Amino acid sequence: ELHAGEMERRRLHNTIQELKGNIRVFCRVRPLVDGGLSKHIQLPASDVKTITLAKTEESHTGKTAETQKNYIFSFDRVFGPMASQQEVFEEISLLVQSALDGYNVCCFAYGQTGSGKTYTMEGAEYDQARGVIPRAVQQIFRAAEKLATQGWEFTFTASFVEIYNESLRDLLYTGKASKRPEHEIRKSTNNEVTITNLTYEKVSNEDQVLGLIALANQNRSTAQTAQNDRSSRSHSVFQLDIEGVNVGRDVKCKSTLCLVDLAGSERMLKSQSQGERFKEMTAINGSLSNLGIVISALANKESYVPYRNSKLTYLLQSCLGGNSKTLMFVNIAPESDSFGETLNSLRFASKVNDCVIGTASANRK
Ligand code: ADP
Ligand code: MG
């Protein structure tokens, strides 16, 4: 049986999550490249939930005067530039764990290009720098091994897809480039979302999944070389479908863990973008703002939720509403010239943060 302390920790996590609703938002500030201190970002030492963005404006009315305007945001957690990958993961490990308890779990990284989304989700090669995806995968397989001693048997299926200009690309595809199939999102009568012609790999250990992640990165960098800076203009969605059965106790559970590195949220001036770029900008703005619209429609319990207005929300439909827990990272860059984008990102994220959606419930039978 599970250790009593561990059971209590998990019970508490689920209780808190149910009280709060099933959306949480964490803010993470990237370190400055030269390691200095950001001039306009203030993180109170005694508080891990608020962040202040300060804007100093000079006014020239007669003599020069400086006025400071503060924008204060609060989130479920704010990680400063010194926060390690491990510290960040510790805060979400219970969320990841609940995917094995039958909850759908969805974790996004939102922010402008260069703000640390990929670092947060994937991290870097060396051990301490590993991000959310490899750590989550490790945790899931270790926990599944423990649960196996209590009669649980799990089946895991991984997929990895990129959404670029509202079209889907299989990141686990290994065939000829010229034979790449087209994909469509399908929803079955029991509300399960699948993608046609997509690679769904059965996996049974951590190394297999890490191999698939490496394959996905290779696939992405090939596309990247062919098309400059593509990865920052596409969403990448890693999904691990989990099915558990405990014959002895006659219980089953089914859930999906979904980890998403979103396209850069930076706004582009219409005048600066033409042709392909304009199309990309429209696709990105459309899908990110639809993500916000879907979340607030769910929060307001509106009868119509426009999932189908973008590929991203359509794909994530089962992970966003009803039986699910959602975590959004808002990643921000500390440089002064990112002030405007940072403010936009924090505003978007605080809208999401204000959304309290129903309650999550485990999908156990
Ligand atoms: P994005 O995916 O949002 O475009 P990246 O994750 O690629 O941004 O981050 C941009 C750069 O900053 C990368 O070189 C990355 O390694 C580095 N970086 C981002 N966040 C951190 C962090 N918390 N600590 C150290 N380096 C970071
Ligand atoms: Mg990135």
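**Ground rules**

I number residues from 1 along each chain as its sequence is written, and I letter chains from A and number ligands from 1 in the order in which they are written. Since the model is predicted, I keep local features only at pLDDT of at least 70 and side-chain atom pairs only at pLDDT 80 or more, while totals for chains, interfaces and linings use all residues.

**Entry: overall count**

I looked up the secondary structure and got nine helices and 14 strands. Helices here are DSSP runs of H or I with at least four residues, strands are runs of E with at least two, and both are numbered from the N terminus. Next I checked burial: 38% of the 365 residues in the chain are buried. I call a residue buried if 20 or more other C-beta atoms lie within 10 Å of its own, exposed if 12 or fewer, and partly exposed in between, with C-beta atoms placed from the backbone. For contacts I take two residues whose C-beta atoms, placed from the backbone, lie within 7 Å. Of the contacts with a separation of 6 or more, 72% come from residues 24 or more positions apart.

**Entry: the core**

Which residues have the most contacts inside the largest nonpolar core? I find Cys 27, Leu 257, Leu 259 and Ala 349, in a core of 77 residues. Helix α6 (residues 275-299) gives the largest share of this core, seven residues. By nonpolar core I mean a set of buried Ala, Val, Leu, Ile, Met, Phe, Trp, Tyr and Cys residues joined through C-beta atoms within 7 Å.

I then listed the contacts of Cys 27, leaving out residues up to four places away in sequence: Ile 51, Phe 75, Val 78, Phe 79, Val 330, Ile 332 and Ala 349.

Beyond four places in sequence, Asn 290 contacts Pro 306, Asn 309, Ser 310 and Thr 313. I also took the C-alpha separation of Asn 290 and Val 260, which are 30 residues apart along the chain, and got 15 Å.

**Entry: around ligand 1**

I counted 13 residues around ligand 1, the closest being Arg 30, Gly 116, Lys 117, Thr 118 and Tyr 119. A residue gets into this shell if its C-beta atom, placed from the backbone, lies within 6 Å of the ligand. Helix α3 (residues 117-121) supplies the largest share, three residues. By class I get three nonpolar, eight polar and two charged residues. My classes put Ala, Val, Leu, Ile, Met, Phe, Trp, Tyr, Cys and Pro as nonpolar, Asp, Glu, Lys and Arg as charged, and the others, Gly among them, as polar.

The UniProt record (unreviewed entry) has a "binding site" annotation on Gly 111, Gln 112, Thr 113, Gly 114, Ser 115, Gly 116, Lys 117 and Thr 118. Its positions are in the numbering used here, feature names are shortened, and annotations may be inferred rather than shown by experiment.

Are Gln 112 and Thr 118 buried or partly exposed? Gln 112 is buried because it has 21 C-beta neighbours inside 10 Å, while Thr 118 has 19 and so counts as partly exposed. Gln 112 is in the loop between β6 (104-110) and α3, and Thr 118 is in α3. Outside four places in sequence, Gln 112 touches Gly 264, Ser 265, Glu 266, Ala 333, Ser 338, Glu 341 and Ser 345.

I call two strands paired if DSSP finds at least two bridges between them. β7 (residues 152-164) and β8 (residues 167-170) run antiparallel with four bridges, and Ile 163 is opposite Leu 168 in β8. Their hairpin has two residues between the strands, and Asn 165 there takes a positive phi near 50 degrees.

β7 also pairs antiparallel with β12 over twelve bridges, with Ser 159 opposite Gln 239. Nine of the twelve residues of β12 are buried, so this strand is largely enclosed by the rest of the structure. Eleven bridges join β12 to β13, again antiparallel, and Asp 241 has Thr 256 as its partner.

**Entry: positive phi**

Asp 250 lies in the loop between β12 (235-246) and β13 (251-261). Its phi is positive, about 55 degrees, although it is not a glycine. Asp 250 is exposed because it has 8 other C-beta atoms within 10 Å.
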